[in-house]
Amino acid sequence: MMGGNDQQAYDRGTSLFSPDGRIYQVEYAREAVSRGAPSVGVRTTDGVVFVAMSRPSSSLMEAESIEKLHKLDDHLGTASAGHVADARQLIDLARRQSQGNRLRYGEPVGVETLTKFVTDHIQENTQRGGTRPYGAALLIGGIDDGEPRLFAADPSGTPNEWKATVIGGGRQEIQGHLEDEWRDDLTLEEGIELAVAALAAHDDEFEPSDLAVATVTEADGFRTIPVEEVVTAFEAAGLDDDEAADDADEDADSEAADDAESNADDVDEE
């Protein structure tokens, strides 16, 4: 019983290490992120691509009310996974810091600088009593002196720079696809196709309307991609092949049935 009570004490504390060096509340926050819908970030030669699964949980829900991608500044964007309310607090914090940097210094904030500011704030909630870790993870990407950069921030407050990565559910399959297919010379369009195909490696039962897609480039800044362009990327990734095959099978079955009826009619006439 004493061992169980000791374990429970470490489990409830956010500012205590367990004897084996773990902070359980941070691990639980990571688990909350892994249960969320996935969001993918891809760095390309032209800019950064964000693709997030934003499928409504009910047919009565307005799809536009699901916000997974956010503009932080003209040259900065973010994608979230995990608890939406927690993510919104971090996004508001990042926006205020970005605006404050422009007012104070008269220049846009750096991607790495902003990421580390946000992760410092996240980390504080892992060592103070009376708080809990944020149950959300962010992808922060943008243009830094003409160079695309992509960072990920997890509930522990660790910032890592990536060429392509995913936060949320299905990480193993999606990250594996990104590692196999990412190239240094990816164009922006190819980056969107790669992100869509990577999501399909985990779950191929989605439509273009279930995705939220945005890009950050030096020329256009943060731009939300309309569904028509998402459909083009969806087709370019080859995700409509199965549907086409199913339609072909249905057409073949229909033709076979028509031929059988025609032959039966010929026999009856004879």
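Which element supplies the largest share of the lining of the largest pocket? Strand 9 does, with 4 residues.

**Figure 1. Overview of the predicted model.** The model is predicted, so local features need pLDDT of at least 70 and side-chain atom pairs count only at pLDDT 80 or more, while totals for chains, interfaces and linings use all residues. Residues are numbered from 1 along each chain as its sequence is written, and side-chain values use heavy atoms, with hydrogens and water left out. The protein has 8 helices and 10 strands; helices (H or I, at least four residues) and strands (E, at least two) are DSSP runs numbered from the N terminus. Of its 270 residues, 43% count as buried, where buried means under 20% relative accessible area, exposed over 50% and partly exposed in between (1.4 Å probe, protein chains only). The protein exposes about 14700 Å², of which carbon and sulfur atoms supply 44% (Shrake-Rupley method, 1.4 Å probe; for residues, only the protein chains shown count as cover).

**Figure 2. Close-up of the largest pocket.** This pocket has a volume of about 400 Å³ and a lining of 19 residues. The elements that give two or more residues to that lining are strand 9 (211-217), strand 10 (221-224) and helix 7 (227-236). Nearest the centre of the pocket lie Ser54, Ile66, Leu211, Ala212 and Thr224. A pocket is an open set of points on a 1 Å grid over the protein atoms alone, where a 1.4 Å probe fits, with protein on both sides within 12 Å along at least five of seven lines; lining residues have an atom within 4 Å of a point. Grid points are joined across faces, edges and corners, and a volume is the space filled by probe spheres set on the points. By class, the lining has 13 nonpolar, 3 polar and 3 charged residues (nonpolar: Ala, Val, Leu, Ile, Met, Phe, Trp, Tyr, Cys and Pro; charged: Asp, Glu, Lys and Arg; polar: the others, Gly among them).

**Figure 3. Close-up of the second largest pocket.** About 280 Å³ of space lies in this pocket. Its lining has 16 residues, and Ala137, Asp154, Val166, Ile167 and Arg171 are the closest to its centre. Helix 2 (24-34), strand 6 and strand 8 (164-167) are the elements that give two or more residues to this lining. The classes are 8 nonpolar, 5 polar and 3 charged residues.

**Figure 4. Close-up of Asp145.** Asp145 lies in the loop between strand 5 (136-144) and strand 6 (147-153). Phi of Asp145 is near 55 degrees, a positive value in a residue other than glycine. Asp145 counts as exposed because its relative accessibility is 81%.
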